[in-house]
Structure formats: C-alpha cells, structure tokens
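This report is for a reader new to the structure below.

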Amino acid sequence: MDLIDLIETRRFLGSEFMMWLWFKSECYDGLMEVEEHGELEVLFDDALVLEAYLAETERNTFKGGAPAYSPEAKVALQQGKRVSRAKIRVIKDGREWLLTLKAEGLDFSSVKIPAVLSREEDEKFYERMYLVEELEDIINALYRTFIFTRLSPQWHEVMVPAMKTWIMAEDGVVPDVYPEAAEQQGPAMAKSA
C-alpha cells in the first residue's frame, strides 16, 4: 500500500474526530481541559454539515442558531450521517476564535482570530500569526487526545457505546455520560511496551 492509499484509508478519522469533539463539547457544555492550554471552551457554532458516509450526495446543511443542538441534526446522526464540516468557536482566557473545520483533511477555513492589541503594523502581523498558531496548536492538542483515546481499547468498549447512546437520546445528555476514563487509558500498544 503506497502513501496515498494509506492516507485515503484514514480519512474517516477526521469525521470521527469531529463526532467525538461534538459529543464531548455537548457533554460538558463546551468546557474542556486541553493539554498545554488548560481549560477552554470548544463550541459548535452556527454552521454544520452532515453527510452520509457512503453516499456523499446525501447531505444536510444546517445554518443559523445552534444547529448542533437541534433535533434535526440528531435525526441526521441517527440516520447514519457524519460531520463533514462545522463552524467551531474556541474561547480561551477571554479570547475567541472562529473557524470552519473540514473533516476530510482537518482543514481550517474562514478563521477569525481575537482582536489584535499591537499598534505597530509589523507587531500586528506577528501577533496575528501567533494567534493563528495558537489556534492550530489547540486543535492539534484536541486531535492528539482523540487519537490517544481512539487507539485505546476503551474506544470500542466504552466510548463508542456512549456516543451511540448520545446519538439515540431524545432528551439531551447529562454531563456524566462522557466516559472520561477512556481518555486516560491510552493506546493498547503503549500499555504493553
């Protein structure tokens, strides 16, 4: 299998990452502890696209309000559709970023950074670059936590059933539904080394 085939066979991880992030965000009302960044908020904002896994032409696009909390989005999940794109709001220390995250390649677009405080033009440039890098670092830290959890034996034993319960729940989720212990166990290979 060449590198291109290997990449293509792993594209589902982006969608799974966004599903896990949505699940965790909803369980904790967006508040989560992120490695190297401390406590911050990660919220699904006012745009969400769900697609059928095998038939990409079957797509639900939600705009306005809080579509991640809408019954229509839950019905789409129950029909087997997965997140392909979402507008996400990240809030850390009173600063707020907005971005559209695409599942297939975990690409960022429409990034809005917090207000720049520098007055000099060259300082503004460096501050903007720093803020973009900080956002990228936050998303990477979240993805590392997801991959750590995804490679854990707890993923299939605990996390997937909890996510299925969340998807099928008609009256919302209580915060203690999220299986926090599954994040802490880590990859099966690491335990045997």
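In which strand does I91 lie? I91 lies in strand β4. Helices (H or I, at least four residues) and strands (E, at least two) are DSSP runs, numbered from the N terminus. The model is predicted, so local features need pLDDT of at least 70 and side-chain atom pairs count only at pLDDT 80 or more, while totals for chains, interfaces and linings use all residues. Residues are numbered from 1 along each chain as its sequence is written, and side-chain values use heavy atoms, with hydrogens and water left out.

Apart from neighbours within four places in sequence, I91 is in contact (heavy atoms within 4.5 Å) with L40, E41 and E96. I91 and L43 are 48 residues apart in sequence, and their C-alpha atoms are 8.5 Å apart in space.

**Strands**

Two strands pair if DSSP finds at least two bridges between them. Strand β4 (residues 81–92) pairs with strand β5 (residues 95–102) in the antiparallel sense over eight bridges. I88 has L99 in β5 as its bridge partner. The hairpin of β4 and β5 has two residues between the strands, and D93 in the turn has a positive phi of about 50°.

β5 also pairs with strand β6 (residues 107–112), in the antiparallel sense over four bridges. In β6, F108 is the bridge partner of L101, and D107 is the bridge partner of K102. Four residues lie between the strands of the β5 and β6 hairpin, where L106 takes a positive phi near 50°.

**Helix packing**

Two packed helices are described by the angle between their axes and the distance between the axes. Axes are lines fitted to C-alpha atoms, for helices over the stretch in contact, and angles run from 0 to 180 degrees between N-to-C directions.

| Helices | Angle | Axis distance |
|---|---|---|
| α3 (residues 71–78) and α5 | about 130° | 8 Å |
| α2 and α4 (residues 121–150) | roughly 100° | within 10 Å |

Angles under 35 degrees count as roughly parallel, over 145 as roughly antiparallel, 65 to 115 as roughly perpendicular and the rest as oblique. α3 and α5 are therefore oblique to each other. In their contact, K74, L77 and Q78 of α3 meet W166, I167 and M168 of α5. These residues divide into four nonpolar, one polar and one charged. Here Ala, Val, Leu, Ile, Met, Phe, Trp, Tyr, Cys and Pro count as nonpolar, Asp, Glu, Lys and Arg as charged, and the others, Gly among them, as polar.

α2 and α4 are therefore roughly perpendicular to each other. From α2, F12, L13, E16, F17, W20 and L21 meet I139, L142, Y143, T145, F146, I147 and R150 from α4. The contact of α2 with α4 has 10 nonpolar, one polar and two charged residues.

**The second largest pocket**

A pocket is, on a 1 Å grid over the protein atoms alone, an open set of points where a 1.4 Å probe fits, with protein on both sides within 12 Å along at least five of seven lines; lining residues have an atom within 4 Å of a point. The second largest pocket holds about 350 Å³ of space, the volume being the space filled by probe spheres set on the points, which are joined across faces, edges and corners. Its lining has 13 residues, and E16, M19, R82, V160 and M163 are the closest to the centre. α2 (12–27) and α5 (154–168) are the elements that give two or more residues to this lining. α5 gives the most, with six residues. By class, the lining has seven nonpolar, two polar and four charged residues.
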